[in-house]
Amino acid sequence: MEAPRYEAKLVPTSVANLHVKFPTKPPEAHVHLPQDLPTVSLKHGETDLGRGRLTQLLDPRLSRKQLTVEWDEHSGRASVHVHGMNPSYVHAQGQQEGVAVSKETGKVEVGDGVVISLLPGLYGYTLRIIDREASTAPPANAGHVNSHKRKLEGEHYKDGQHQAPVGTAHAAAAGGDAAAEAEGARGAKRQRTEDEESETNSNRQDADTVLISSISDQYKEGVRAVKEVLPEKSVKEIIVALAKCQKNVEQAIDLLLSEPPPAACADHLQPLSSSSSSSPSPSGASSPFSKALPPTAPVTPVKPAAPATSPFRVPDGASPGKTATEVDEGIASELQKALDTAAEQEAKARRAEEEAKSQMEIIKMLMQEKESMEMNSKELASVRMKLDKLYLPGEREALTGTEMRTFTLMPSRGFGDDASEMHYRTAESQFHRLCEGMTGVKVTRVDYIVNPPLVKNFERKRLELAGHVDWEDTKPILAFHGTSDDNITAICKHNFDFSKIGASTGNLGFYGKGVYFSEFASYSIPYVRGGTKLLLCKVLVGHSFRMSRVETGKPQVEGYDSHISPCGKELVIFSPDQILPTYIIHYTTGSGGGRGFGGFY
């Protein structure tokens with residue numbers, strides 16, 4: 001098998017200074033962006049780049065398969081095919097202008113030195129191709145953009161020296177010394193241009209540093225955000241744009257892209273001396289900007305301006321006479337005026353917004369009052385009828401208090417659907433339905449008991465039971481308790497007193513030391529002991545333990561909420577919060593008497 005001659009890798013590259021038509025905004029703070037993208041070694045065949053483990057990028061604007069690099073390690077040829085929804089960019093070596101490549105473009109052939117941006121202006125990689133045999137770049141397929149029918153003219157370098165593309169190497173050699181001299185002249189000219197651009201950028205950076213330290217903190221964040229997207233813009237241009245756009249970063253970026261810089265932002269740059277020795281600075285030291293501009297940009301020497309009193313504060317550690325570039329007084333005044341105007345407009349907008357919000361609240365309140373006043377008598381009667389079905393007159397007021405209240409309900413020949421009928425017929429039907437083997441028994445009156453403190457304890461206990469039993473098992477049952485008439489009033493007012501269990505009879509209960517109930521009225525009536533009242537309560541049974549034999553005074557079985565007798569007719573409750581006295585049923589009967597069993601009192 002033929003050993004591969006070439007190898008290729010993608011090296012992370014800054015693309016902040018490369019020109020794209022629509023630069024991608026920097027990612028939001030929550031999007032993971034590594035400080036240094038990992039180098040990607042290309043394998044023979046296809047390598048997919050995008051959002052994922054290979055690039056360590058999580059930017060949602062990148063597809064998982066943003067683009068595919070197809071690499072042939074035998075011929076040294078490479079191509080790029082974009083699949084993502086957003087375009088990528090390809091820049092030929094040394095060229096700032098790039099070509100947008102989308103999934104409609106098709107495959108684009110690329111070569112050594114080509115810069116690939118996964119998104120316009122973001123996530124750049126430089127393609128490096130190494131010839132294992134000669135340590136040179138492969139044949140120059142670099143830069144063919146098939147779908148655009150054009151070349152991305154990439155320049156190649158070897159050992160730090162400029163080379164023409166490989167396809168023209170022999171022609172360059174035939175040129176002899178003349179070609180070498182021409183190439184040397186071009187290299188020297190290029191070096192001079194780079195030095196001058198570097199010095200100009202240094203001057204701008206010094207001026208920007210002074211100005212950005214002089215502005216208020218509220219503008220610093222906006223300047224930094226715009227600078228990341230448009231690094232070529234000066235701080236003064238950005239501040240003016242932010243002031244015009246009331247500190248809206250996106251609008252400021254659009255303004256800077258669509259309009260030429262304001263004259264005030266260009267005039268402040270003082271021309272540099274055309275000779276190698278510039279005038280001394282006010283401090284007596286030679287100026288760091290003494291290098292002459294290229295002949296194509298002649299300028300007239302000027303005298304250094306007298307120190308001006310700037311409205312901005314001087315940065316800590318700097319003195320007005322020793323800064324690299326001083327802020328012009330006119331520009332400072334104009335910027336300060338723009339900042340003051342923007343602050344005033346912002347304050348006016350805030351006051352208008354607060355006033356509008358206050359007016360809207362007033363309008364909303366008036367509309368609600370109007371709707372309330374427009375409710376006619378028929379609607380009020382309908383609401384009153386619905387409430388009457390749920391509550392007795394005065395019951396809602398009683399529930400908001402702390403004292404017990406008794407509502408007396410009498411039998412009626414007519415049938416209504418109000419709350420009084422519901423309560424009376426519930427108690428009466430429960431009494432007669434489960435009054436087995438008894439004749440001549442008749443309900444004469446029902447007292448409905450409302451005791452707010454007991455109601456709250458009962459509902460709280462029900463929610464507690466819901467933590468370990470099914471919700472269906474938290475529904476209360478209606479169960480009867482027979483006792484003397486003298487005890488009923490105290491029970492309804494204070495609930496059952498468990499300290500008095502067996503106090504009168506000495507009986508602690510056959511199936512546990514608790515309060516006994518039965519769902520059968522006929523089973524509880526004998527415990528009334530000659531009285532004419534029977535107590536009907538709501539009881540939370542929860543998870544019941546069924547007893548198999550008599551065990552007098554048996555404590556509550558752990559893990560259970562109540563006991564039930566072997567016959568299933570007696571319930572034993574161990575907590576007063578599981579009991580809510582609800583009805584006192586007054587009745588008459590031809591039979592009576594008690595067995596004296598009495599689990600309570």
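## Exercises on this structure

Q56 is partly exposed, with a relative accessible area of 40%. On this scale buried means under 20% relative accessible area, exposed means over 50%, and partly exposed lies in between (1.4 Å probe, protein chains only). The model is predicted: local features need pLDDT of at least 70, side-chain atom pairs count only at pLDDT 80 or more, and totals for chains, interfaces and linings use all residues. Residues are numbered from 1 along each chain as its sequence is written, and side-chain values use heavy atoms, with hydrogens and water left out.

**Exercise 1. Describe the chain as a whole: its helices, strands, buried share and contacts.**

Step 1. Start with secondary structure. The chain has 13 helices and 23 strands. Both are DSSP runs, numbered from the N terminus: helices are H or I with at least four residues, strands are E with at least two.

Step 2. Turn to burial. Of the 601 residues in the chain, 37% are buried.

Step 3. Look at contacts, meaning heavy atoms within 4.5 Å. Take those between residues at least 6 apart in sequence: 67% of them join residues at least 24 apart.

**Exercise 2. Find which elements and residues make up the largest nonpolar core.**

Step 1. A nonpolar core is a set of buried Ala, Val, Leu, Ile, Met, Phe, Trp, Tyr and Cys residues joined through side-chain atoms within 4.5 Å.

Step 2. The largest core holds 28 residues, and L10, L67, V110, L118, Y123 and L127 touch the most other members.

Step 3. Trace the elements. Two or more residues each come from β1 (6–13), β4 (67–72), β5 (77–82), β8 (108–110), β9 (115–119) and β10 (122–131). The largest share, five residues, is from β10.

Step 4. Check one member of β10. Y123 lies in this strand and is buried, at 5% relative accessible area. Its phi is positive, near 60°, although Y123 is not a glycine.

Step 5. Separate the other core. A second core of 25 residues includes A419, I525, L534 and Y587.

**Exercise 3. Work out where Q66 sits, and what its side chain reaches.**

Step 1. Q66 belongs to the loop between β3 (45–49) and β4. Q56 is found in the loop between β3 and β4 too, and has a positive phi of about 65° without being a glycine.

Step 2. Is Q66 buried or exposed? Q66 is buried, with a relative accessible area of 0%.

Step 3. List its polar contacts. Such a contact is a pair of N or O atoms within 3.5 Å; within protein, one must be able to donate a hydrogen and the other to accept it, and residues adjacent in sequence count only if both atoms are side-chain atoms. A polar atom of the Q66 side chain lies 2.8 Å from the backbone oxygen of N86. The side chains of Q66 and S88 are joined by a polar contact of 3.3 Å.

Step 4. Beyond four places in sequence, the contacts of Q66 include L118.

**Exercise 4. Decide how the buried residues of helix α12 are arranged.**

Step 1. Name them. In α12 (residues 485–494), N487, I488, I491 and C492 are buried.

Step 2. Look across the helix. D486, T489 and H494 are exposed on the other side.

Step 3. Find the partners. The buried residues pack against β16 (442–450), α11 (452–465), β19 (533–539) and β23 (579–588).

**Exercise 5. Classify the aromatic pairs F496–F517 and F545–Y560.**

Step 1. Set the rule. Rings of Phe, Tyr and Trp (its six-membered ring) pair if their centres lie within 6.5 Å; planes under 30 degrees apart count as stacked, over 60 as edge-to-face, and the rest as tilted. This rule gives seven aromatic pairs.

Step 2. Apply it to F496 and F517. The centres are 5.6 Å apart and the planes at 80°, an edge-to-face pair. F496 is in the loop between α12 and β18 (515–517), F517 in strand β18, 21 residues apart. Both are buried.

Step 3. Apply it to F545 and Y560. Their centres are 5.2 Å apart and their planes at 70°, so this pair is edge-to-face. F545 is partly exposed at 25% relative accessibility, and Y560 is partly exposed at 26%.
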